[in-house]
Every structure is written in C-alpha cells, then in structure tokens.
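Have it open while you read.

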Amino acid sequence: MTIFGVALLALCTLIGVYLGDLLGVALGVKANVGGVGLAMILLIAARVWMLRNGKLGHGTKLGVEFWATMYIPIVVAMAAQQNVVAAVSGGPIVIIAATGSLLICFAFVALLGRIGRRTAETSPEVEHGGSVIGGDTDGEPARPAPALATDRR
C-alpha cells in the first residue's frame with residue numbers, strides 16, 4: 001500500500017531530524033543541521049535496501065517514489081522553519097556564504113550544460129512536433145501512426 005511509503009518517509013524524517021539536532025549540538029549551533037537532507041538520504045538507502053532484499057512492494061514503491069519527487073518542496077518547506085532573521089543578524093559572513101554558494105551553483109549548472117550538450121540530429125517528426133507546440137503550424141496534416149503488428153496464432 002502507498003501508505004507504507006509515507007510511513008517509511010515519516011520514520012526517515014524523524015530519524016533525520018533527530019540526527020540533524022545532534023549534529024547541531026555537536027557543532028555548537030542552536031539549529032537542526034542537515035536533518036532533512038539526512039532524512040532523504042535515509043529514505044534513498046531504505047528504498048535501495050528494500051529493493052535488494054525483495055521487500056519493496058508495488059504500493060510502497062509508489063509511495064516512496066512520490067515523496068522522492070517531492071524532495072525539493074520538502075526542503076523548501078523545512079528551510080522556511082529556520083530563523084532567517086537571526087542568521088542574517090549574525091553578521092555579513094552569512095550573506096557572503098549564501099552568495100558564494102549561489103555563484104558556485106550557477107557555474108556548475110553552466111558547466112554541466114556545456115558538457116552534456118547533445119550533437120545528434122533531430123528527426124523531422126520531432127522538429128514538426130516542436131513547431132506545432134510552438135504554434136508555427138504550416139497547415140500540414142499529421143501523418144497517421146503506423147499500425148501495430150499483432151501476433152495471431
């Protein structure tokens with residue numbers, strides 16, 4: 001059942017938040033440090049372990065996959081709970097660190113975009129589909145899809 005995937009997420013979240021609190025105490029910070037990230041890592045590890053041991057049913061898999069796709073909204077929601085005003089009032093190092101990490105992320109996105117560029121030619125069907133989606137139709141009717149061959153015995 002899908003609810004088992006949600007229960008697995010809840011368990012991983014509780015453990016991750018607890019470990020994040022412990023990490024915050026160990027670092028001398030009065031905040032949860034990486035609890036949501038740890039929870040998502042635990043969720044991924046639990047999913048892989050269950051898959052390898054044959055314990056991941058279809059419903060559980062759907063629940064886990066749903067929450068895996070919700071990773072970024074979960075991180076945004078959890079980060080909204082942090083006290084941003086107190087962090088910014090701590091000094092300019094916070095703004096410098098945030099700006100630096102943002103610039104590094106932009107640089108890596110640009111680098112990965114250049115490395116991962118495809119040089120393969122697109123087929124005429126794909127080009128026509130793209131023009132139709134873009135609204136540049138030339139009035140050409142769509143070609144019928146090829147019939148599927150059926151195996152008759």
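1. Let me start with a cysteine. Cysteine 12 has 6% relative accessibility, so it counts as buried (buried means under 20% relative accessible area, exposed over 50%, and partly exposed in between, with a 1.4 Å probe and protein chains only). Cysteine 105 comes out at 46%, so that one is partly exposed. If you were hoping for disulfides, the count is zero, where a disulfide is a pair of cysteine sulfur atoms within 2.5 Å.

2. A word on what we're looking at. This is a predicted model, so local features need pLDDT of at least 70 and side-chain atom pairs count only at pLDDT 80 or more, while totals for chains, interfaces and linings use all residues. Residues are numbered from 1 along each chain as its sequence is written, and side-chain values use heavy atoms, with hydrogens and water left out.

3. Overall layout: the protein chain has seven helices and zero strands, in the order α-α-α-α-α-α-α. Helices (H or I, at least four residues) and strands (E, at least two) are DSSP runs, numbered from the N terminus. Of the 153 residues, 14% count as buried. Among contacts with a separation of 6 or more, 52% join residues 24 or more positions apart; contact here means heavy atoms within 4.5 Å.

4. Where does cysteine 12 sit? It belongs to the largest nonpolar core, together with Leu8, Leu9, Met40, Leu43, Ala46, Met50, Leu56 and Val64. Such a core is a set of buried Ala, Val, Leu, Ile, Met, Phe, Trp, Tyr and Cys residues joined through side-chain atoms within 4.5 Å. Helix 1 (2-27) and helix 2 (35-52) each give two or more residues to this core, and helix 2 gives the most, with four. Leucine 9 touches Met40, Leu43 and Trp67, leaving aside residues up to four places away in sequence.

5. Now helix 2 itself. Its 18 residues should span 26 Å at 1.5 Å a residue, and the end C-alpha atoms are 26 Å apart, which agrees; the expected span is 1.5 Å times one less than the number of residues. Gly35, Val36, Ala39, Met40, Leu43, Ala46 and Met50 are buried in this helix. They cover an arc of only 140° around the axis, so they lie on the same side of helix 2 (the arc is that of the directions from the helix axis to the C-beta atoms). Ile41, Ile44, Trp49 and Arg52 are exposed on the other side. Just after helix 2, glycine 54 takes a positive phi of about 70°.

6. Have a look at alanine 39, in helix 2. At 1% relative accessibility, it counts as buried. Apart from residues up to four places away in sequence, alanine 39 touches Cys12, Thr13 and Gly16. Its C-alpha is 9.0 Å from that of glycine 20, 19 residues away along the chain.

7. Helix 3 (residues 58-69) has buried Gly59, Thr60, Gly63 and Val64. Their arc is only 130° around the axis, which puts them on the same side of helix 3. His58 and Thr69 are exposed on the other side.

8. Last, the annotation. The unreviewed UniProt entry has "transmembrane region" over residues 29-50, 62-81 and 93-113; positions are in the numbering used here, feature names are shortened, and annotations may be inferred rather than shown by experiment. In the model, residues 29-50 are 73% helix and 0% strand, whereas residues 93-113 are 100% helix and 0% strand.
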